[in-house]
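Here are my notes on this one, jotted down while I had it open. Have a look at the structure first, then read on.

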Amino acid sequence: MSSSEYEKLIAAARRATSVTVLTGAGFSAESRIPTFRDKQTGLWEKFDVMDLATPQAFERDPSLVWGWYEWRRALVKKAQPNAAHRALATLEKYVPQLTLITQNVDDLHERGGSQGIIHLHGSLERPRCVHCEEPYAHPEGIPDVPQGGARVEPPRCLACGCRVRPGVVWFGEPLPELEWLAAVTAASSCEVFFSIGTSSLVQPAASLVEHARGAGALTVQVNLNSTDCDMLFDFAIQGAAGEELPRLFRAVWGAEAETPRS
Ligand code: BV8
Ligand code: ZN
C-alpha cells in the first residue's frame, strides 16, 4: 500500500466510532499456532483438515480426532498472546464501539485482554457430550499429547456416558445462531470493518465483509499474503498482524499497546 493510500486510510478510520473486527487463524500464527493453510505435521501429516474437522471424522475415528484437538489445545496452552492480540485489546480503550468476531477456537484473544468476543466456530475450552450436550470440564493443566500427536480416547460424559466431543463448529455444522446474528449485526452497523489473518475461504464467516460493504463501512484487510478477496476491501495491508496492527492503531487512534505483563 502506498504511503498516500495509508494516509487516506488513517484519515478515514480516525472519524470512526464503531469498528468491527473479524479474525482468523493468521491472528494466532505469531503465537506459533499453525494455521489451516499450514502443512500438518506428525501423525496429522497425512490428513487434510477437512478429514479431521467434521462430525463424520469423529464418528469414524473418535480417538484420532480427539487426539488432534488435544494436541492443538496443548499448543494453545503453551502459547502466549502476541502483539496483535495486545494491540486489539488496547484498542477497546480508544474506540467507543468495538466488536471482535473470531473464527479461532483458541482463547488467545481472551488471554490478550479482549472482552466480549464472538466465537463463530466455538472454542477448544467448551467440550460437550456428543449425545446430551452436557458441558464437560477439561482436567487442569496441559494435555499430555506427544509432539508428533497420538490417538487419544475421548472422555465420557458424566451424565449419560456417551463420548465427549470438542466444542467447535465442524464443517457441515451450522454456526451458533446467536453468535452469527450478533456478527451480522456488528458487520452491518459499523463504520470500519477489519478482516485480519483470514484466507476468507470459509463460509459464512467470509461473507461478513459483504454485509459491511452493503452498509457503507470502510473495509480493511490485514494479511501476510494477498487473498482471493483483496478486491472486496477498500484497503488491503499486506504484512504480519503483529507488526501492522500496533503501527496502524497508533497512527489512527494514538493507541499505545501496553507492554506485555511479565
Ligand atoms: C455451514 C472450527 C451450513 C473447527 C472451523 C458442504 C456442506 C456443508 C457446508 C459446506 C459445504 N461446502 C462448503 C460449505 C461451507 C463450509 C465451508 O466454508 N467450506 C470451505 C472449506 C469452502 N462451511 C461450513 O461447513 C460451515 N457451516 O456452512 O453450515 C449448515 C446450515 C444449517 C444446517 C447445517 C449446515 C462451518 C464452517 C466452520 C468450520 N470450522 N473451525 C476447528 O478449528 O478445527 S473453520 C476453520 O477455518 C477455523 O475456524 C479457521 O479459522 C477457519 C478459516 O480459516 P482461516 O481462519 O482463514 O485460516 P487459514 O489457515 O485459512 O488462513 C490463515 C490466513 O492468515 C492466511 O490468509 C494467511 O495468509 C494469513 N496469515 C498467516 N500468518 C499471518 C497471517 N495474516 C496476518 N498476520 C500473520 N502473521
Ligand atoms: Zn451426555
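**Notes on the model**

1. Let's start with Y69: this residue is buried, with a relative accessible area of 4% (buried means under 20% relative accessible area, exposed over 50% and partly exposed in between, with a 1.4 Å probe and protein chains only). W68 is buried too, at 2%. A caution before going further: this is a predicted model, in which local features need pLDDT of at least 70 and side-chain atom pairs count only at pLDDT 80 or more, while totals for chains, interfaces and linings use all residues. As for bookkeeping, residues are numbered from 1 along each chain as its sequence is written, chains are lettered from A and ligands numbered from 1 in the order in which they are written, and side-chain values use heavy atoms, with hydrogens and water left out.

2. Which residues come nearest to ligand 1? They are R37, Y69, T198, S199 and N223, out of 36 around it (a residue is near a molecule if one of its heavy atoms lies within 4 Å of it). By class, this shell has 18 nonpolar, 14 polar and four charged residues. Here Ala, Val, Leu, Ile, Met, Phe, Trp, Tyr, Cys and Pro count as nonpolar, Asp, Glu, Lys and Arg as charged, and the others, Gly among them, as polar. Helix 4 (residues 62-78) gives the largest share of the shell, three residues; helices (H or I, at least four residues) and strands (E, at least two) are DSSP runs numbered from the N terminus.

3. The side chain of Y69 puts an N or O atom 2.7 Å from an oxygen atom of ligand 1. A backbone N or O atom of G172 is also 2.7 Å from a ligand 1 oxygen atom. At E173, a polar backbone atom lies 2.7 Å from a nitrogen atom of ligand 1. Taken alone, ligand 1 exposes 1,500 Å², and the protein buries 74% of that (Shrake-Rupley method, 1.4 Å probe).

4. On to the rings: there are five aromatic pairs in the structure. Rings of Phe, Tyr and Trp (its six-membered ring) pair if their centres lie within 6.5 Å; planes under 30 degrees apart count as stacked, over 60 as edge-to-face and the rest as tilted. W68 and Y69 have ring centres 4.9 Å apart and planes at 70°, so they are edge-to-face. The rings of F249 and W253 are edge-to-face as well, because their planes are at 65°, with the centres 5.9 Å apart. F249 and W253 both sit in helix 9 (residues 241-253), four residues apart, about one turn of the helix. Ring pairs also link F58, W68, Y69 and W170 into a cluster.

5. Two arginines are worth a look. R165 has its charged end over the ring of W170, 3.9 Å from the centre, and R247 lies over the face of Y6, 4.3 Å from the ring centre. The cut-off is NZ of Lys or CZ of Arg within 6 Å of the ring centre and within 35 degrees of the ring normal.

6. Last, some backbone points to check. Q203 and P204 are joined by a cis peptide bond, with omega about 0°. P204 is in the loop between strand 6 (192-196) and helix 8 (208-214). S200, also in the loop between strand 6 and helix 8, has a positive phi of about 55° without being a glycine.

Methods: A polar contact is a pair of N or O atoms within 3.5 Å; within protein, one must be able to donate a hydrogen and the other to accept it, and residues adjacent in sequence count only if both atoms are side-chain atoms.
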